[in-house]
Amino acid sequence: MPNVQGLGQDVATTQLTAIGMVVTVDFTTLSPDDANVGKVITQSQVAGTQVRKGSTIRLTVGKAVATTTT
């Protein structure tokens, strides 16, 4: 299992699907100026472990809180 933490969601998904993994994404809300917005914060399988092709890997990606103006 490669380490995709810190990568953008699209890059991480592309890397994992290229090696035969199924990717699901959960989002966690962050402030708009957080450096992790759009990036993988956690992955369900530990980097460096053996994972079977076709396994589902859950990524948690940072998503900015929508700001509202009044």
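**View 1. Val40 and its contacts.** Look past the neighbours within four places in sequence, and Val40 is in contact with Val4, Gln5, Gly6, Leu7, Gly8, Ala12, Leu59, Thr60 and Val61 (contact means heavy atoms within 4.5 Å). One of these, Val61, is also the bridge partner of Val40 in strand 3. A word on the model: it is predicted, with local features needing pLDDT of at least 70 and side-chain atom pairs counted only at pLDDT 80 or more, while totals for chains, interfaces and linings use all residues. Residues are numbered from 1 along each chain as its sequence is written, and side-chain values use heavy atoms, with hydrogens and water left out.

View 2. Strands are DSSP runs of E, at least two residues, and helices are runs of H or I, at least four, numbered from the N terminus; two strands pair if DSSP finds at least two bridges between them.

**View 3. What pairs with strand 3.** Strand 1 and strand 3 run parallel and are joined by 9 bridges. In this pairing, Val23 stands opposite Ile57 of strand 3. Strand 2 pairs with strand 3 (residues 56-64) in the antiparallel sense, over 3 bridges. Over here, Gln43 has Leu59 of strand 3 as its bridge partner.

**View 4. The largest nonpolar core.** This core has 11 residues in all: Met1, Val4, Ala12, Leu16, Met21, Val23, Val40, Val51, Ile57, Leu59 and Val61. Helix 1 (9-18) and strand 3 each put in at least two residues, and the largest share, 3 residues, comes from strand 3. A nonpolar core is a set of buried Ala, Val, Leu, Ile, Met, Phe, Trp, Tyr and Cys residues joined through side-chain atoms within 4.5 Å.

**View 5. Thr68, past strand 3.** Thr68 lies in the segment after strand 3. Its relative accessibility is 71%, so Thr68 counts as exposed (exposed is over 50%, buried under 20%, partly exposed in between; 1.4 Å probe, protein chains only). Thr68 and Ser55 are 13 residues apart along the chain, and their C-alpha atoms are separated by 39 Å.
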